[in-house]
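Here is a short report on selected side-chain features of one model. Please look at the sequence and the structure first.

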Amino acid sequence: MGLKKTGNTRLMGGVALWVLAFNCGAAAQDAVADAAPATPVAEQDQPVSQLQQIVVSAGVPKVAIDTPQAVTVLGQEAIDDLQPRSIGDVFQEIPGVTPIGSNSILGESINIRGIGEALSGDETRIIMQVDGVNKFFEQYRMGSFFSDPELYKQIEVLRGPASSTLYGAGAMGGVITFTTKDASDFLDPGDLIGGRLKTSWDSNGNGWLGSAIVAAEPVKNLELLGALNYRQSQDITDGQGNEVPDTDFSSINGLIKARYTFGENEDQSVFASYQNWSSDEDNQNYDQIAWGPDFGDVDRTVTDQTAIVGYANGFSGNDLLDVKAQFSWSDTRVEQKNQDQICAQFAPAPAPPTCYYPFGFNSEYSYETWQGKADNVATFQLGEDWMAYVTTGIDGQYQERRNPRDFGTYVRSGSGSHPEGETVNVGGYAQAELVWNDRITLIPGMRIDYSNVSVGSYVDGSGNTINLNEEKSAVGYSPKLAAMIKMSEWLGVFGSVAHTERLPSLDEVFSNYVVNDLDKELSNNFEAGVTFSFDDLIMGGDAFRLKGTAFRNNVTNYYASYWNGSTVVTEIIPKARYEGLELEASYWTESIYGSLGASLIRGNNVSTGGYMNAVPADSAFLKIGYVYRPWNLDFGWKGDFYAAQDRVGADEQETAGYVLHNLYAAWKPTDGFMADSEVRFNVDNVFDKSYRNHLSEDEGAGRSFKLSFAKKF
C-alpha cells in the first residue's frame, strides 16, 4: 500500500505551507545574489557558469571548458533551480541527453547522443554511477534507474566512448555520475551540528516533498550525515487537461554517511555510506513504459539499496601515491503481487477464453551486485614546463540476477524474456594527462575488460523451467587519445579518438529462448571542438564562455531491441552511425546572465540506408536571467525548443515540434531570522502547451506551479 494513501501527506503539506507563509512575511533583506544558472555566487564573487564547473569524473579535476571531451556538470544550485520531480527532470539543460520511456518514476531511462532504448539492455552502453557504484536495473516494461534528485549535490555527464577508459568497456553513449551530499556541505569550521529542512509543492499532480538533513561533527574529523526525504504525487495532467496514467507515486529514501579523517597531515580517511529508496504502489500498470493494457495491473514494491565502505590516502609529501579504494554492495529489487489475469480467445466460440498470468501471479526481479575498485594518481614533474598525472586502477563486479520467484501460484524460475544468471566483470586501466605550460593537454588512455556471462534458467512457452547453465566470455579493449590546445587566452581547440568494445549482456546472450553466440559490439568515436573564453567582452566584469563539439560514432554489430507489434525482438545491425553537434554557451555580468544549449543528432543504419530508432529531435534551450542584488533576488525565463522529428525507424512514430516557456525566481536572504533560507518559485510550461517528447511514450506535463522553501541551521 502506498504512503500517499494515508493522511500524513496532508499534514506534511499543511506544516510546509505554514512554515513558508510565516517566513515569507518578513521584509526582504540586503544580500548577495546568485547570478549564474549553475553555481551560487558567494561573498560578492562573480558567477560561475556550468562551463566553469570543476569536473571530477574525467581524471584529474579540471574546469569543464578545458576538458577535451563533451562534459556537463550540474552543481547543487543547478539541481535546485530545476525543482525536479524525478531523476529524468535534472537533464533538461544538458545537450545530447534525453530521458526516455515515460513520466512515471518507474519507467525512466536515459538516452545519450541517440544511444539508449526503452526496451533494450543498455547496461554498459550508458554507465550510471552513484558515489562510484554502478547502478542499473532491467525488467520487461520497466525503467532502469530508481532514485530521488534530492539526494545529490553534483551530477556529471561525460558524453561519448572516451569515458570507457575509466569506467568500463562499452560506454558508447557515455557516463553519468551522481555524487551524494556530504556533512561538510552543511557544517562551517567549528560547528558541532547543522543541517537543512526543505519542503516543496508542485501544482501539477499536487505533489509534495519533505526533506530533512542533519550533519554533525561530534569529535574532531568525524563527520556524520543523515538525510530523509519523502515525495508523493497524484497523476499529472497534460496540456489538454487529461490525466497521464500511472504518474502518481509515493517514495521515501534515506542516506547515512560517515567519514573519519586522520594521519599526521590529515591525509587519510575511512568512509562508509548507506542509502535506500523505495516505492510501494497498488494497482499499477505492469507496463510502466507505454502503459499498454496487454499485461494488466499489479501491486508493486520497488526497493533500491547501496552500501559503501572505503579508504583514501593522499600520502602527503609523496607525489607518486594518492590512493582511493572502496567496496560496495548494490541491490535493486521489484516485488510484484496480485497481477491481473489476461484472457484471450484462442479457440472458436463457444469455447471459453484462456486466462493466464503472463509473468506469474506473484514474482520478484532482483539485481544484486558486489563491486570493488581501487585507483592511484601519480604526479610527475617533467622538466620545467611539463606535468604528468597518471591514473591507474582496477575494478571488478559480480552480479546475480534473479527473476521472477513464485509466492504461491506455481513455480517459476526465470522467464522467457529475462533469464536468471550471473555476470562477472574485471577491468584494469591507465590514463596519463600530460600538461605543457597549461597550454597543451594530451590524454592517452587504455582499458582492458574481461566479462563472463552465465545463463541460468528460464521458463519456456509451456511453463516448463529449462536449466541452461551455459557460459560466454570475452575480452574488451578501450584505448583513447584526447588533446586540448589553448591557441590563445580566448581560443582553444580539442579533439579525441576513442575505441571501445561492448561485451554482450545477459539479455543479449539469451534471447527468444536461444543462447546466442554473439560478436562484440565495436565503437569508433571521433570528436573535435572549439572553445571561446572572453572576459570584459562588452563591459567591465562580464564574461562569455562557449564550447562546441562535433562527433561521429561508427558502430559495428549494434544490438537493437524493439517491439515489432507482437513481441520484443533483438536485431543485429552490421553497421550503424551516430553523428551530431553540441553547443554550450554562457554570458554573465554582475546582474544579467544567460545560457544556451543545443544538440543536433543523426542516427543511420548504414547497412540498409534507413534511420536508427531512438534518435531524439533537434533541440535547444535559452535561459535569460537578472539578479537584483539589494534583495538577493534572482529571476528569469527559459525557453525549450524542439524540432519535428521525421527521421524515424520503421516501428517509430513521427512527432511534431514545440516550444515550452518557463519562468523562475529565487530569493535567498542572508540577514535576520530568514538568513540561510531559500524560497524558489517556478512556472513550467507557462502556456500549458500540449506536446510529446519524441523519446517518450506519453504526453508531456502541462502547466505547473512549483514552490519550495529550504532553511539551513
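How many aromatic pairs does the rule give? The count comes to 19 aromatic pairs.

## Basis

This is a predicted model, with residues numbered from 1 along each chain as its sequence is written. Local features need pLDDT of at least 70, side-chain atom pairs count only at pLDDT 80 or more, totals for chains, interfaces and linings use all residues, and side-chain values use heavy atoms, without hydrogens and water.

## Aromatic pairs

Rings of Phe, Tyr and Trp (its six-membered ring) pair if their centres lie within 6.5 Å; planes under 30 degrees apart count as stacked, over 60 as edge-to-face and the rest as tilted. By this rule there are 19 aromatic pairs. Among them, tryptophan 490 and phenylalanine 532 are stacked, because their ring centres are 6.1 Å apart and their planes are at 15 degrees. This pair links distant parts of the chain, 42 residues apart: tryptophan 490 lies in the loop between β24 (480-486) and β25 (491-502), phenylalanine 532 in strand β28 (residues 521-535). Strands are DSSP runs (E, at least two residues), numbered from the N terminus.

Phe136, Phe137, Phe146, Trp277 and Tyr367 form one aromatic cluster.

## Charges over rings

A charge sits over a ring if NZ of Lys or CZ of Arg is within 6 Å of the ring centre and within 35 degrees of the ring normal. Arginine 125 places its charged end over the ring of tyrosine 558, 4.2 Å from the centre.

Note on methods. Helices (H or I, at least four residues) and strands (E, at least two) are DSSP runs, numbered from the N terminus.
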